[in-house]
Amino acid sequence: MATLETRKEAARAKSAPASEAKSAAEAKAETVANGAAASPLRHLPARFINRELSWLQFNRRVMEEASNRNHPLLEQLRFLSISANNLDEFFMVRVAGLRGQVLAGLTALSPDGLTPAEQLVKISEAVAGLASDQQKRWRELREELLHEGIVLVDAPDLTKAERAWLEDHFLGHVFPVLTPLAIDPAHPFPFIPNLGFTMALSLQRMSDARAMRALIRVPAKIERFIKLPDLAETGARRFITLEQTVGLFINRLFPGYTVKGQGSFRIIRDSDLEIEEEAEDLVRHFESALKRRRRGSVIRLEAEAGMPDDLRHFIATALGVVDDEIFRVEGVLALNELSQLVALDRPDLKFVPYAPRYPERIRDQGGDCFAAIRQKDLVVHHPYESFDVVVQFLNQAARDPNVVAIKQTLYRTSSDSPIVKALQEAAEAGKSVDDCDRKYGHGQQRHGNEQGRGSDDDCARIAQFALRRRRHAPSGPASVPTDEAGHAQPHERSGNDGIEDLIDTTEEVSFVQIDA
């Protein structure tokens, strides 16, 4: 509330001549400037929160959901695997970008006053604490899963019958797809793909004690957790990890050698994309960029803590990794793959499935979206109301002979999107189909390329833009089927167009209206 003196001063300024008013304004500006000088906080970088460190705090909150006792046990495990997967992407994109700035010699300060090198130091400290807490929570969850009859078995704890079964399984399903690789002057260190899981070994030949180093690359398509048979009929579900299984039967891969040291490691490569927005063919440009991304420089090496120091040093040297890019894991590598256990058929340990409601007005019209929209504007609240109505809207537009054009902006499509299929069907029916495929969004570029090329084959016109300013939504009009009266029916929606993204933690809105 203004004081009496302040109000008198304002009244005098209001009644003063223009020249005096100007002087008063100048005096006020001088006062403000003096106040700013007296209050340096306004100009301190400490006012800002670092973007990267803020993201790590967000991911810590995701990880802490794994300790939320209000969630069923397997859902807690799901949150742990999500946080691990998030951390992988953080390194592939954000840390990779900072590494690139350091290598380029850039020293520009972030809004909070840190150079790229200083940000990397703080990130390393924060990630070390987060990764340690992830492993700690995994050990706790493992004990809790044990009480629910889900057992992670270590190799020494296998029964004789289980070991015999596992050896047969190894020889029949695992051994044929493994490729043991000797590393020597005649056999240089092989390429390890991004997120590649590999076993490293120090071996000694029995005949002459000659030392040899070797690698076993584990194919990504093999399940990480092997389910053991319930031979004792206890009802428990027992699993053993793939790396322990391979370790049990190393002699099958390297006969005549003894193992002197071993350990698993995993690498993360720079997967950030640099896009030339004026590229003549953006689809081909992305395809070539994605191929180059597979061979990006290694920015993080995760190695089991039990791996011998000389073996870890050998791997780091071969991969060109420096000490601050090596992380020793006291626990399990690749916690993101715990999602395989989440898929177990244990509904008692998961959230109760939610059945979204289908909009009654469309149901009353026999599934005719256009008729329902002609009555009045339609708002669909996801996930409480089914996303199927949006798919139905596009499918109906693709098949309705009165629809002459569909304009669609896609964002983060899933690998088998029914929306893309509807657009392809519309193109095959001779309709004008324009799809602005928003390609930024790490992890979805390959889906967009594959589906975009499929649409090209079906004669749909695909206009693909790499936008400087992101919109986390399909921009409107997202789809414009035109009815028999010549009216456009725009559909505007927040969020992603990936059906896989519509889980019960995602809240979005679809809005459809007649645009007369």
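The following is a set of questions and answers on a predicted model.

Colleague: Is Glu52 buried or exposed?
Modeller: Glu52 lies in helix α3, which spans residues 51-64. Buried means under 20% relative accessible area. The relative accessibility of Glu52 is 5%, so this residue counts as buried.

Colleague: Which side chain does that of Glu52 join in a polar contact?
Modeller: Leaving aside residues up to four places away in sequence, Glu52 touches Phe90, Arg94, Leu98, Gln119 and Ile123. A polar contact of 3.4 Å links the side chain of Glu52 to that of Arg94.

Colleague: Are α3 and α4 roughly parallel or antiparallel to each other?
Modeller: Two packed helices are described by the angle between their axes and the distance between the axes. For α3 and α4 the angle is about 170°, and the axes are 9 Å apart. Among the residues making this contact are Glu52, Trp55 and Leu56 of α3 and Phe90, Arg94 and Leu98 of α4. Angles over 145 degrees count as roughly antiparallel, and the two helices are therefore roughly antiparallel.

Colleague: What is the strand order in the open sheet of 6 strands?
Modeller: The pairing in this sheet is mixed, and the order is β2-β4-β3-β7-β8-β9. The strands that pair on one side only are the edge strands, β2 (179-183) and β9.

Colleague: What angle does the direction of helix α4 make with that of β8?
Modeller: β7 and β8 pair in the antiparallel sense over 5 bridges. Phe265 stands opposite Ala303 in β8. Helix α4 (residues 73-103) packs on the sheet and touches β7 and β8; the angle between the directions of α4 and β8 is about 135°.

Colleague: Why do the buried residues of α10 line one face of the helix?
Modeller: An α-helix has 3.6 residues a turn, so residues three or four places apart point the same way. In α10 (residues 309-319), the buried residues are Leu311, Arg312, Ile315, Ala316 and Leu319. They line one face because, seen down the helix axis, they fall within an arc of 135°.

Colleague: Which residues are exposed on the other side of α10?
Modeller: The buried residues of α10 pack against β3 (197-205), β4 (211-218), β7 (257-269), β8 (298-304) and β9 (326-329). On the other side of the helix, the exposed residues are Asp309, His313 and Thr317.

Colleague: Which residue just after α10 takes a positive phi?
Modeller: Helix α10 covers residues 309-319. Just after α10, a positive phi of about 70° is taken by Gly320.

Colleague: Which strands stand at the edges of the open sheet of 3 strands?
Modeller: This sheet has mixed pairing and the order β1-β6-β5. Two of its strands have a single partner strand each, so one side of each is left without a neighbour in the sheet; they are β1 (150-152) and β5 (225-228).

Colleague: In what sense do β5 and β6 pair?
Modeller: Strands of a sheet pair through backbone hydrogen bonds, either parallel or antiparallel. β1 and β6 (residues 237-241) pair in the parallel sense over 3 bridges. In β6, Arg238 is the bridge partner of Val151, and Arg238 is also the bridge partner of Leu228. The pairing of β5 with β6 runs over 4 bridges, and its sense is antiparallel.

Terms used:
Residues are numbered from 1 along each chain as its sequence is written. This is a predicted model: local features need pLDDT of at least 70, side-chain atom pairs count only at pLDDT 80 or more; totals for chains, interfaces and linings use all residues. Side-chain values use heavy atoms; hydrogens and water are left out. Buried means under 20% relative accessible area, exposed over 50%, partly exposed in between (1.4 Å probe, protein chains only). A polar contact is a pair of N or O atoms within 3.5 Å; within protein, one must be able to donate a hydrogen and the other to accept it, and residues adjacent in sequence count only if both atoms are side-chain atoms. Contact means heavy atoms within 4.5 Å. The arc is that of the directions from the helix axis to the C-beta atoms. Two strands pair if DSSP finds at least two bridges between them. Axes are lines fitted to C-alpha atoms, for helices over the stretch in contact, and angles run from 0 to 180 degrees between N-to-C directions. Angles under 35 degrees count as roughly parallel, over 145 as roughly antiparallel, 65 to 115 as roughly perpendicular and the rest as oblique.
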